[in-house]
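Here are my notes for you, point by point. Keep the structure open while you read.

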Amino acid sequence: MRRLLFSIPLLFVSFISSGQQQPDAAQIKQKLKKLNVLGSVLYVAAHPDDENTRVISFMANDKLMETAYLAMTRGDGGQNLIGPEIRDLLGLIRTQELLAARRIDGGQQFFTRAIDFGFSKSADEAFKIWNKDEILSDVVKVFRQYQPDVIITRFPPDARAGHGHHTGSAMLALEAFDIAAQSNVYPDQVKEFGTWQVKRLYTNTGRWWNNSINENTPGIVALNVGTYNPLLGKSITEIAALSSSQHKSQGWGRPGQRGNDHEFFEYAKGEKANKDLFEGINTTWARVKGGSKVQTVVTKAIQSFDDEHPEASVPILFQIRKEILNLENGVWKSRKLKEVEQLIQDCLGLHLEVKASEYWISPGEEIQINVEAINRSKVVVDLLQLKSQDLSMDSTFLLQMKDNVSNVLKSKKNLLASKSYSDPYWLQKSHEPGIFNVTDKSLIGKSQNDPAVMMEFKIKVGEESMVVIKPVIYKWTDPVKGELWRPVEIVPPLSVDLAENVLIFNDDQPRHVIVRMKSASANAMKGELKLQLPTDWSSEPATIPFELKSRGEEMTFDFNIHPAKTEITSVLRAVAEVNGKKYDRAIKTLAYDHIPTQTFLPPAEAKLARINLKKEGNLVGYIAGAGDEIPKALRTIGYEVWEMKAEEITQDNLKRVDAVVLGIRALNVHERIRYFMPALMEYVRLGGTLVVQYNTDGRLQTSNFAPFPITLSRDRVTDENAGVRILKPDHPLLSLPNKISARDFEGWVQERGLYFPNKWDPNYEALLSMNDNGEPAKDGGLLIAKYGEGHYVYTGLSFFRQLPEGVSGAYKLFTNIISLGKAKKPKS
């Protein structure tokens, strides 16, 4: 063997490093025990936070089963309690929250292509919007690929589930139970995965539809999920609480629980069980042809494990690996081979890490990589090869990794020019309201993209060798949070981004538009920037030349946009051209402490609306709730917005503003709102306008949020195209300064509104009426009351969704609300 074959020499440096976190001896023992269990369970529901983490934690950590959660959607249609992101970006956050939860409770995560398009009142509606056959094929694929012994659904397949997506998830699971075993259905899947027959399907009974169930109920399987795991130092329910609490965008924090506690399961399909969901299922190595020998060796490894010298288990682990490699190919061979190879690394205290000099790399770019390899055991380990197809790297050598000596290998390599960008795979193409457009069918079911750049380490222990694959990452040190990391991602060499994602033109006057450009390449980028506009619109200048000379360099460019005179809703796009190649994507990130930083590459475009919009007033006070983009939307139509802190909400300050808007769910999440609500009521009495947007009817921080009694409910109108009846067309709110008509409710997205009041004092006037098909009229979407000299408005209309989408009618209506009391009737 040759000592070194690097095309660019690497520098070997030895130093002591703390390295990445390794499992402790108790966790290794837990993994060893799991190596001897061959059973699998798949939990099925609709959304992030629908999964019962108590059951997932119990199956993964007590029963030691292979455990996974299949969510129909990524939670795109919900509300966001931690920021302004909604729709696709909220789905990106909730995807990562689910993965954070699974890292705690020990499960895996799958998805279908279904989009959470908002609350659905029936499975029929969900199936129509999702395209049922497509989503059913996704569910069947996961069943065939994962091969679960047991399926558990969170919901029943009927109206008791309380949501069309919930009901639909159970119906799809029941149908897929049969189809997965039929070779003539979705035959392309069968070629790759074969068919699979699940043993049984049970429903994890919810207390909200059966509050009398207990462990003595006939036909019920009851499992005590409150067991304590001494190796992990936690009860299963404590683990479950930590897992659930990762759903931070939904306010799903849960307290840890201790003591015996039961979950209940009702029979739905397949073979019935009496006391345990795995009755009659062989969960030993005997289920695999030739596997009985493995069982014996694994049992010996468990019995002989020395928690102070885990490296002593390495020889027997390699023996187990050898026996597994001799088995016929199958899902259990793949799973257990992965488990035993990870155990070998754990017992060696092996730290293998590849760091890049940049976290964003463009195809073809050169990067500096630092490889750290350290063996923290007395076992002799040789590093034989570093290989990365992504970096065109294949270097063989012999490096003896001495106990606790860190070896750093440095090199410069070029990323393959053919590598694709790291945009989340389900967001790479535009999509319909109900289903993501995924052209690469192999990706369907996956929770996220594979790491963008990977490195293979070939190691040798004694006569045995194996390959360990690691992602290339970027690391840095935050002065407060310490060492942090993020995945290396592949991005365009040039990003183009509009400063605003919605542009509202109130009249035919030109408007200033800013375009930002940034280089993600070490090479100079020289070209021209232009805007693509609707017919009869123009920009000044038409094009702008640019040159960015180095990585990270930024420039901003100013255009004046001249709109047409006629009203229109359209899209503006920014395009940069360099040597005949066009760049028209932004590079954006989502950064929250509880999830890895997410990079996504949206088109460099903004929604464009030319509206004959009149407004009154200038300064609007905004009091934040759960997070929305209302302030940004108001600024785009010319208002000055004062985002008021709690200490700034005083009667003197309120005298300065023309209207006050409470952000969505402010009454639910703003802990100090009870203390300044009296000042807001006095502001209204003295002539101000207060706009309260939707809140849920639970966990209100104060019940005194209105001048006259009002009762919130869970009433909503989910059809964004539902007819809207204008009850009082001549009311000032609907006629000044903009005349509101039925046409202004065209083009709304996802829903009309949610959590409407269903009872109110006679002092309120209901201005609009609407309902979903087959339901009674709901008139609580927009209520107004005169109080003293001012106006109080409560609205459940989903302005927080409509304004960021540039819905012109929503802008007109919201402007009228803010203009209350200031707009005057035009002279006849």
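1. Start with His163. This is a predicted model, and in it His163 is buried, because its relative accessibility is 11% and the cut-off for buried is under 20%. His163 sits in the loop between strand 5 and helix 6 (164-179). Which residues does His163 touch, not counting those up to four places away in sequence? They are His47, Gly118, Phe119 and Ser120.

2. Next, check the confidence. The mean pLDDT of the chain is 94. A value of 70 or more is reached by 97% of the residues. Residues 1-19 are another matter: there pLDDT stays under 50. The model has 47 contacts beyond four places in sequence for residues 1-19. Read that stretch with its pLDDT in mind.

3. Now look at strand 5. Are the faces of strand 5 covered or uncovered? Both are covered. Val150 and Ile152 lie on one side, Ile151 and Thr153 on the other, and all are buried. Strand 5 is joined to strand 6 (residues 200-204) by four bridges, and the two run parallel. Val150 stands opposite Arg200 of strand 6.

4. Strand 5 (residues 150-153) has a parallel pairing with strand 2 as well, over four bridges. Leu42 has Ile151 as its bridge partner in strand 5. Tyr43 stands opposite Ile152.

5. Stay with strand 2. Its residues are 40-45, and six of the six are buried. Ser40, Leu42 and Val44 point one way from the strand. Val41, Tyr43 and Ala45 point the other way. Strand 2 also pairs with strand 3 (residues 66-71), in the parallel sense, over six bridges. The bridge partner of Leu42 in strand 3 is Ala68.

6. Four strands form an open sheet in the order 21-23-27-25. Strand 21 (494-498) and strand 25 (538-540) are at the edges. Each has a single partner strand, so one side of each lacks a neighbour in the sheet. On average, neighbouring strands here are turned by 35° against each other, direction ignored. Strand 21 runs antiparallel to strand 23 (residues 511-519), and five bridges join them. Asp497 stands opposite Arg516 of strand 23.

7. Glu365 lies in the loop between strand 12 (360-361) and strand 13 (366-374). Is Glu365 buried or exposed? It is buried, because its relative accessible area is 5%, and buried means under 20%. What does the side chain of Glu365 make polar contacts with? One is with the side chain of Ser521, at 2.9 Å. Another is with the side chain of Arg551, at 3.1 Å. Beyond four places in sequence, the contacts of Glu365 also include Lys413, Asn414 and Leu415. For a sense of scale, the C-alpha atoms of Glu365 and Pro157 are separated by 52 Å. These two residues are 208 residues apart along the chain.

8. Check the backbone for exceptions. Most peptide bonds are trans. Glu540 and Pro541 are joined by a cis peptide bond, with omega about 0°. Pro541 is in the loop between strand 25 and strand 26 (543-548). Another cis peptide bond joins Leu736 and Pro737, with omega about -10°. Pro737 is in the loop between helix 16 (732-735) and strand 39 (753-760).

9. Finish with two arginines. Most residues other than glycine have a negative phi. Arg665 has a positive phi, near 60°. Arg699 also has a positive phi, about 60°. Arg665 lies in the loop between strand 35 (659-662) and helix 14 (666-669), and Arg699 in the loop between strand 36 (689-692) and strand 37 (710-717). Arg665 is buried, with a relative accessible area of 15%, whereas Arg699 is exposed at 67%.

Key:
Residues are numbered from 1 along each chain as its sequence is written. This is a predicted model: local features need pLDDT of at least 70, side-chain atom pairs count only at pLDDT 80 or more; totals for chains, interfaces and linings use all residues. Side-chain values use heavy atoms; hydrogens and water are left out. Two strands pair if DSSP finds at least two bridges between them. Axes are lines fitted to C-alpha atoms, for helices over the stretch in contact, and angles run from 0 to 180 degrees between N-to-C directions. Buried means under 20% relative accessible area, exposed over 50%, partly exposed in between (1.4 Å probe, protein chains only). Contact means heavy atoms within 4.5 Å. A polar contact is a pair of N or O atoms within 3.5 Å; within protein, one must be able to donate a hydrogen and the other to accept it, and residues adjacent in sequence count only if both atoms are side-chain atoms. pLDDT is the predictor's confidence in each residue, from 0 to 100.
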